Amino acid sequence: MRAWVAEQDWLTLERLPAYAPELNPVELLWSSLKKRELANLAGDHLADVADATEQGIHRINTNPQLPWSHLSHTGLTLHPPTPPN
């Protein structure tokens with residue numbers, strides 16, 4: 001893996017602590033779901049929770065800025081590779 005990474009000009013690896021939820025954009029996604037769609041949800045079946053979660057993911061996906069705001073909140077960035085000429 002180290003050899004492959006060394007060959008990738010566009011890729012920069014960052015060492016992260018073993019547990020750093022503040023650096024994980026997925027933690028912010030779950031937080032958003034728990035505050036809206038899953039707040040006070042007491043479903044009779046697991047399918048109720050799954051449906052509410054899917055609705056929340058759909059809400060987040062339909063707002064093009066929201067997923068990126070989760071990433072920018074962490075301070076991490078994505079720099080896509082430049083296409084070859």
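**Entry 1: Asn 40**

I began with Asn 40, which sits in the loop between H2 and H3. Helices here are DSSP runs of H or I with at least four residues, numbered from the N terminus. I am working on a predicted model, where local features need pLDDT of at least 70, side-chain atom pairs count only at pLDDT 80 or more, and totals for chains, interfaces and linings use all residues. Residues are numbered from 1 along each chain as its sequence is written, and side-chain values use heavy atoms, with hydrogens and water left out.

Asn 40 is not a glycine, yet I found a positive phi of about 60°. Is Asn 40 buried or exposed? Its relative accessible area is 82%, so I noted it as exposed (over 50%; buried is under 20%, partly exposed is in between, with a 1.4 Å probe and protein chains only).

**Entry 2: Glu 37**

Glu 37 lies in the loop between helix H2 (25-35) and helix H3 (46-62). I put it down as buried because its relative accessibility is 18%. Which side chain does the side chain of Glu 37 meet in a polar contact? I found that of Arg 59, at 2.7 Å. Such a contact is a pair of N or O atoms within 3.5 Å; within protein, one must be able to donate a hydrogen and the other to accept it, and residues adjacent in sequence count only if both atoms are side-chain atoms.

I also looked up its contacts (heavy atoms within 4.5 Å). Leaving aside neighbours within four places in sequence, Glu 37 touches Ser 32, Ala 52, Gln 55, Gly 56 and Arg 59.

**Entry 3: helix H4**

In H4 (residues 66-74), I marked Leu 66, His 70, Leu 71 and Thr 74 as buried. Down the axis of H4, these buried residues fall within an arc of 155°, so they line one face of the helix; the arc is that of the directions from the helix axis to the C-beta atoms. A handy reminder: an α-helix has 3.6 residues a turn, so residues three or four places apart point the same way.

What do the buried residues of H4 pack against? They pack against H2 and H3. Trp 68 and Ser 72 are exposed, on the face of H4 turned away from its buried side. Gly 75 follows H4, and its phi is positive, near 85°.

**Entry 4: Leu 11**

Leu 11 is in the loop between helix H1 (2-7) and H2. I list it as partly exposed because its relative accessible area is 24%. Not counting residues up to four places away in sequence, Leu 11 touches Trp 4 and Val 5.

How values were computed: Helices (H or I, at least four residues) and strands (E, at least two) are DSSP runs, numbered from the N terminus.
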